[in-house]
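I opened my notebook for this one and jotted down what I looked up, item by item. Have the model in view and follow along.

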Amino acid sequence: EIIIEPGSTHCGKKDQMFQHITSAKAAGADAIKFQWTSDPEKLAARRNAQDYKAAYKYINFPKSWLGDLLQQCVEAGLEFLCTAYLKEDLEVIAPLVRRFKIASFEAFDDDFIKAHDDYPLPVILSTGMMDLDYAARQLGKVGYVSGVLHCVSAYPTPQEEVHLDSIYQLRRMVAPMPVGFSDHTRCVTTGGLAVAAGAQILEVHARLEGTPHDNPDFSSALGPTSLKEYVDYARRAEKMVGVGRKRQQPCEAEMAKYRVVSK
């Protein structure tokens, strides 16, 4: 499953949000996840992140647009997701989505996690800035978990710090729950490598061709052409990884005639 994340690269403009949906569909993604906050000032204060206030203002668009985005996604055949960061915003998002996504920065907040129990929806939890033991503790606090994502909360993420082996570690810990990777590397091959490491869900940041270079999320987002390459590479990796147990493959039938078998 591949989820596209525009972040703030739509610059708070509705037409660019629609363009992101079109781009995600053209790339072959399964879903697109927007972000929304009712109060950028409160979000900046909550996170002690005054430097990011401008970015938060981009995701403070009219809540009536959320329904329009959902409709566009339905018409495009994509699942609509949306991350909320304030407890009071969950009731706005809940009627529009099939599942919640808790971002890494909020995944440390037990009260925020608990607030999701008021809604009968599954939760995907991102685990940036956590070690394995802490991730296990936070997962245990989620009422209805449907997935967990390895994540490195750096934008962009240096390749030498991606540590895709964490996906394997998470799979061992939570199997058979789906495990994935929230990707900030801006590298077209990382998703495929994550699939080879066991990821069943990919979340990747994307931008449009005209996104300004000074946009807060530009440095960790793939443009439309690179996004298509990313998705194609991940799909090929999925086919090559396969499922099931080790066995003789159909393509080996011809060569099987020449096996030297013990008498």
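The entries below go from the whole chain to single residues.

**Ground rules.** I am working on a predicted model, where local features need pLDDT of at least 70 and side-chain atom pairs count only at pLDDT 80 or more, while totals for chains, interfaces and linings use all residues. Numbering starts from 1 along each chain as its sequence is written, and side-chain values use heavy atoms, with hydrogens and water left out.

**Whole chain.** I found eleven helices and eight strands in the protein chain; helices (H or I, at least four residues) and strands (E, at least two) are DSSP runs, numbered from the N terminus. I then checked the radius of gyration, taken over C-alpha atoms, against the globule rule of 2.2 Å times the number of residues to the power 0.38. A compact globule with 263 residues would come out near 18 Å, and the protein chain has 20 Å, which agrees. Along the principal axes, the C-alpha atoms fill a box of roughly 80 × 40 × 35 Å. I noted that 49% of the 263 residues count as buried, where buried means under 20% relative accessible area, exposed over 50% and partly exposed in between (1.4 Å probe, protein chains only). For contacts (heavy atoms within 4.5 Å), I looked at those with a separation of 6 or more: residues 24 or more positions apart account for 63% of them.

**Salt bridges.** How many salt bridges does the structure hold? I got 15, each one a side-chain nitrogen of Lys or Arg within 4 Å of a carboxyl oxygen of Asp or Glu.

- I looked up Glu5 and Lys33, whose side chains meet in a salt bridge at 2.3 Å, N to O. Glu5 lies in strand β1 (residues 2-5) and Lys33 in strand β2 (residues 31-36), so the pair ties together parts that are 28 residues apart in sequence. Both Glu5 and Lys33 are buried.
- Next I took Glu88 and Lys42, which meet at 2.7 Å, N to O, in a salt bridge. This pair links distant parts of the chain, 46 residues apart, with Glu88 in the loop between β3 and α5 and Lys42 in helix α2 (residues 40-47). Glu88 is partly exposed at a relative accessible area of 36%, and Lys42 is partly exposed at 40%.
- I also checked Glu106, which forms a salt bridge with Arg46, their closest N and O atoms being 3.8 Å apart. Glu106 lies in the loop between β4 (100-102) and α6 (110-115) and Arg46 in helix α2, so parts 60 residues apart in sequence are tied together. Glu106 counts as buried at 1% relative accessibility, whereas Arg46 counts as partly exposed at 36%. Salt bridges that share partners join Arg46, Arg47, Glu106 and Asp109 into one network.

**Asp89.** I wanted to know what Asp89 does without a salt bridge. Asp89 is found in the loop between β3 (79-84) and α5 (90-93). Asp89 is buried, and the nearest side chain of opposite charge, Lys42, is 7.8 Å away; Lys and Arg count as positive and Asp and Glu as negative, with His and the chain ends not counted. The side chain of Asp89 does make a polar contact with the side chain of Ser38 at 2.6 Å. A polar contact is a pair of N or O atoms within 3.5 Å; within protein, one must be able to donate a hydrogen and the other to accept it, and residues adjacent in sequence count only if both atoms are side-chain atoms. Not counting residues up to four places away in sequence, Asp89 touches Trp36, Thr37, Ser38 and Ala84.

**Ser104.** I found Ser104 in the loop between β4 and α6, and at 4% relative accessibility Ser104 counts as buried. Leaving aside neighbours within four places in sequence, Ser104 is in contact with Ser126, Thr127, Gly128, Met129, Cys151 and Ser153.

**Helix α8.** Which residues are buried in helix α8 (residues 165-174)? I listed Ser166, Ile167, Leu170 and Val174. Seen down the axis of α8, the buried residues fall within an arc of 105°, so they line one face of the helix; the arc is that of the directions from the helix axis to the C-beta atoms. The cover over these buried residues includes α7 (132-139), β6 (145-151), β7 (179-183) and α9 (190-196).
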